[in-house]
Amino acid sequence: MIVSVNPATGEPIGRFDLHTPAEIDTALDKAVTAQRQWRQTSHETRAALLTRFAAVLRRERDALAAIITAEMGKPIGEAVAEVEKCALNCDFYAGAAAAMLADAPVAGVPGAMVAHEPLGVVLAIMPWNYPLWQVVRFLAPAFAAGNGAILKHAANVPECANALERLVAEAGAPAGLFANLRIEPADVARLIADPRIAAVTLTGSTEVGMIVASQAGASLKKQVLELGGSDPFVVLADADIALAAEKAVTARFTNGGQSCVNAKRFVVVDAVADQFIDAFAAAARRLVMGDPTASATTLGPLARENLRATIDGQVQRSIAAGARLVMGGALPQGAGFFYPATLLDGVTPGMAAFDEETFGPAAAIIRARNEDEAIDLANRTAFGLGASIWTRDNDRGLALARRVDAGCVFVNAMVASDPRVPFGGIKMSGYGRELGDLGLKEFTNAKTIRCPAPAEKAA
């Protein structure tokens, strides 16, 4: 049984039975049957489904946001925005997928083309931190490309998973094309190995990514892995410090700091470090921690009690190693899994706040002598998901962006995913891409087709 807990109160709010082996087997059979028919449909038919799904998401926006907030503690305003982003993703692929998937001629090779055809039923292993967005950002391009999907969602957001399954059906998807399975983590390996599963996508921790990659690799199945991050936010001496600090607080504390692409390490050139810290702390103190259902709240609880214990442990170990506590850093009393906005200064390599992914509302200031050392410190991590660079000179920022080891680098903007742009990481942040044209084609067979022209046949 899966028990859903409200992180703002610590109280159980729902209990859900696991699916039986027979139910799992039936779901897989139905998915395969539905996908074989779905792959034969036109791009117009697929686009129409995505358009209807977007409409259903918008119709149910407030109810869906309330479920997100209840199950993982996201402030209600952010939860509403998450639902809208899901709808936008569906709109994008409804309008763009046909052109992106069109047969492409091969330059200089008469009669040769590349066709992108669906792989089949894809297993999606999804996290709790964006319980709708993480699923829909995969699901919309998967449907657009002609694939089916089986969802294994995080155990603490079962009602979000149920809602998605219900709304996909309401949008008119063929029965079985998308199914939500509640299974134990130990049962995932059998699902991956099942021949009815063609490929696997995972958003989650690096540790889980390694396990899933080995399991999928043993069956020679394609994977897309979007894993952890320790994104650097690089502030150069010529940056607009007030703007950078304002955006830094948003980049760090959105979703309670529980995102792979939250900025986590703030690498600041020493000449402006004190000014940046003062501005950052002032903006962070304006955050309102409390009931996530209240519209004024901007910092909700962490999703689980063990996550709060982990971030507090990282903060305390960093302080013990020499970091200076600027604000926060104390476990609050009372119900729920709350943790205050926390800022550490003087963080250096070897400290937990530098070396580890900090998945919660704690920011680490790393001082650099100059921009060269700032880029070196930004790259001194096992991760490589996103990064941002702040400077008044865009040309300089673009040049430095090419020196940062990451799947995406933003200049004078915080890192954010966008349906139009490929998203993913390198190093321990995983491989493969979601979103954009690359994300659409990840779960397709790039099939070369060659039919000789009449002159070639005669020769």
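Does N162 count as buried or exposed, judged by its relative accessibility? At 17% relative accessibility, N162 counts as buried, where buried means under 20% relative accessible area, exposed means over 50%, and partly exposed lies in between (1.4 Å probe, protein chains only).

The model is predicted: local features need pLDDT of at least 70, side-chain atom pairs count only at pLDDT 80 or more, and totals for chains, interfaces and linings use all residues. Residues are numbered from 1 along each chain as its sequence is written, and side-chain values use heavy atoms, with hydrogens and water left out.

**Residue N162**

N162 belongs to helix α6 (residues 158-170); helices (H or I, at least four residues) and strands (E, at least two) are DSSP runs numbered from the N terminus. Its side chain and that of R182 are joined by a polar contact of 3.1 Å. A polar contact is a pair of N or O atoms within 3.5 Å; within protein, one must be able to donate a hydrogen and the other to accept it, and residues adjacent in sequence count only if both atoms are side-chain atoms. Beyond its neighbours within four places in sequence, N162 is in contact (heavy atoms within 4.5 Å) with F16, N180 and R182.

H116 lies in strand β4 (residues 112-118). The side chains of H116 and T444 make a polar contact of 3.3 Å. Residues up to four places away in sequence aside, H116 touches L101, K441, T444, N445 and A446.

R252 is part of helix α9 (residues 241-253) and counts as buried at 0% relative accessibility. A polar atom of the R252 side chain lies 3.4 Å from the backbone oxygen of A263. With neighbours within four places in sequence left aside, the contacts of R252 include N262, A263, K264, F266 and T358.

**Residue M428**

M428 is placed in the loop between β16 (408-411) and β17 (430-431) and is partly exposed, with a relative accessible area of 32%. Not counting residues up to four places away in sequence, M428 touches T206, M210, L227, G228, A382 and F383.

The table gives sequence and spatial separations for two residue pairs.

| Pair | Separation in sequence | C-alpha to C-alpha distance |
|---|---|---|
| M428 and F383 | 45 residues | 4.8 Å |
| R252 and F233 | 19 residues | 9.5 Å |

**Helices α2 and α5**

Two packed helices are described by the angle between their axes and the distance between the axes. The axes of α2 (residues 43-59) and α5 (residues 133-144) come within 9 Å and cross at roughly 155°. Axes are lines fitted to C-alpha atoms, for helices over the stretch in contact, and angles run from 0 to 180 degrees between N-to-C directions. The helices α2 and α5 are therefore roughly antiparallel to each other, a term for angles over 145 degrees. From α2, the contact is made by H43, R46, L49, L50 and F53, and from α5 by V136, L139, A140, F143 and A144. These residues divide into eight nonpolar, one polar and one charged; Ala, Val, Leu, Ile, Met, Phe, Trp, Tyr, Cys and Pro count as nonpolar, Asp, Glu, Lys and Arg as charged, and the others, Gly among them, as polar.

**Cysteines**

A search of the whole structure finds zero disulfides, a disulfide being a pair of cysteine sulfur atoms within 2.5 Å. For C86, the nearest cysteine sulfur is that of C90, 7.2 Å away. C86 is buried, with a relative accessible area of 0%. The sulfur of C408 is 9.4 Å from the closest cysteine sulfur, in C260, too far for a bond. C408 is also buried, at 12% relative accessible area.

Terms used:
Angles under 35 degrees count as roughly parallel, over 145 as roughly antiparallel, 65 to 115 as roughly perpendicular and the rest as oblique.
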